[in-house]
Amino acid sequence: MTAATTPKGERRRAALVEAAASLLVEGGFDAVRHRAVAERAGLPLASTTYYFDSLEELVTAAVEHHSNAELATGRRRLEELATRNRGVQATVDLVLEMLLGPESGDPEADAEAVLLRYERLVATGRRPYLRPLMRTLSAQLNELLTEIFARSGTPVTDAELERLVALVDGAVVNALIAIDPAPRAAAARMLQAALDGS
């Protein structure tokens, strides 16, 4: 048993991954640096290279951790949706939570979080080492979104799901370009109209 597989080692590795994930969400890929991660985790700088062979491995673990946490939250919310309101608004809210992240209640902070999310998504394309993971995560997200629509009484095909996600992405990017203070609201309007058939 190596130090990295002991309970203490596993706790330290998990703390580093959580710290890296929070830095990634707050500041994008450039924020995930050995020193910043160690400081956020409250661990020695050397721990980042002890538990991870490279910064790429740490970034990959952070992306996977954050994405899996969001998917788990989405699955829990889907169970709530299945037992409560199945209206279009509830569906729109959950789909946008999965695509744009959760709302905080602060419109300015939410707009910034959406901007950072899209910056991360675009920056992923410049990191080939993330591509296998992103394909897996994308498939899992699409599976969850398909289930959300099905349980909401609006089943969609793969092509329809792709079109709805593209509609949300387009609305968000257009809002960000226009410096719209509410990109989520813009996406909600477009998705609501598409689901209402108007």
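Of the 198 residues of the protein, 38% are buried (under 20% relative accessible area with a 1.4 Å probe, protein chains only; exposed is over 50%, partly exposed in between). This is a predicted model in which local features need pLDDT of at least 70 and side-chain atom pairs count only at pLDDT 80 or more, while totals for chains, interfaces and linings use all residues. Residues are numbered from 1 along each chain as its sequence is written, and side-chain values use heavy atoms, without hydrogens and water.

The protein has nine helices and zero strands (DSSP runs of H or I, at least four residues, and of E, at least two, numbered from the N terminus). Its pattern along the sequence is α-α-α-α-α-α-α-α-α. Among contacts (heavy atoms within 4.5 Å) with a separation of 6 or more, 66% join residues 24 or more positions apart.

Overall values are as follows.

| Property | Value |
|---|---|
| C-alpha box along the principal axes | roughly 60 × 35 × 30 Å |
| Distance between mean positions of the 22 positive and 28 negative charges | 5 Å |

Lys and Arg count as positive and Asp and Glu as negative, with His and the chain ends not counted; a charge is placed at NZ of Lys, CZ of Arg, CG of Asp or CD of Glu.

On the surface, D106, E108, E112 and E119 form a patch of negative charge. Patch residues have over 30% relative accessible area and no salt bridge, and like charges are joined within 9 Å; a salt bridge is a side-chain nitrogen of Lys or Arg within 4 Å of a carboxyl oxygen of Asp or Glu. E119 lies in helix 6 (residues 107-124), and E119 counts as partly exposed because its relative accessibility is 43%.

Conventions: Patch = residues over 30% accessible without salt bridge, like charges linked within 9 Å, V, L, I, M, F, W, Y side chains within 5 Å. Areas by Shrake-Rupley, 256 points an atom, 1.4 Å probe, with all protein chains shown as cover.
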